[in-house]
Amino acid sequence: MSKIPQSLRYSSTHEWVEDLGNGRYRVGITDHAQALLGDLVYAEVPEVGKDLQAGTVCGVLESVKAAADLYAPIDGKVLERNEALNDSPQLLNEDPYAQGWMMVVAAESSAYAGLMDAAAYANIAEA
């Protein structure tokens, strides 16, 4: 069973979003997503300043067994990206909810409010 922290919100495409306050949101992939992908060897994360539209492709994840698109879970602008993933993409596998974060996005709180809570996400992740 995957870890699904109660304090986060989730998209149907298996990204998590953490409210950092002041319209800033940290984004990553869920434990369920990293387990499905296997050992990650490459992560392409959007550049700082890029405008994101929820549900659209904004990056790529590559593992030893597959490549997968990374989807923007919310509309917003990329403020930061986790540069540690350039040299250590395995952080996505080892610690997807902390060291494996992917980006920080400036967004409206309504975008965050529209995401699934942990219980709703568990229904699709464990199906």
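Buried here means under 20% relative accessible area, exposed over 50% and partly exposed in between, with a 1.4 Å probe and protein chains only. By that cut-off, 43% of the 127 residues of the protein count as buried.

Before you click around: this is a predicted model, where local features need pLDDT of at least 70, side-chain atom pairs count only at pLDDT 80 or more, and totals for chains, interfaces and linings use all residues. Residues are numbered from 1 along each chain as its sequence is written, and side-chain values use heavy atoms, leaving out hydrogens and water.

Start in cartoon view. You'll find five helices and nine strands, taken as DSSP runs numbered from the N terminus (helices H or I, at least four residues; strands E, at least two). Follow the chain and the order is β-β-β-α-β-β-β-β-β-α-α-β-α-α.

Next, select Ile29, Leu61, Leu92, Met102 and Met103: in the largest nonpolar core, of 25 residues, they touch the most other members. Such a core is a set of buried Ala, Val, Leu, Ile, Met, Phe, Trp, Tyr and Cys residues joined through side-chain atoms within 4.5 Å. Colour β3 (24-29), α1 (31-37), β4 (40-44), β6 (57-63), α3 (91-94) and β9 (103-106), which each give two or more residues to this core. The largest share, three residues, comes from β3.

Now centre on Met103. Beyond its neighbours within four places in sequence, its contacts (heavy atoms within 4.5 Å) include Tyr25, Val27, Leu52, Cys58 and Arg81.

Last stop: Trp16, Ala118, Tyr121 and Ala125, among the ten residues of a second, separate core.
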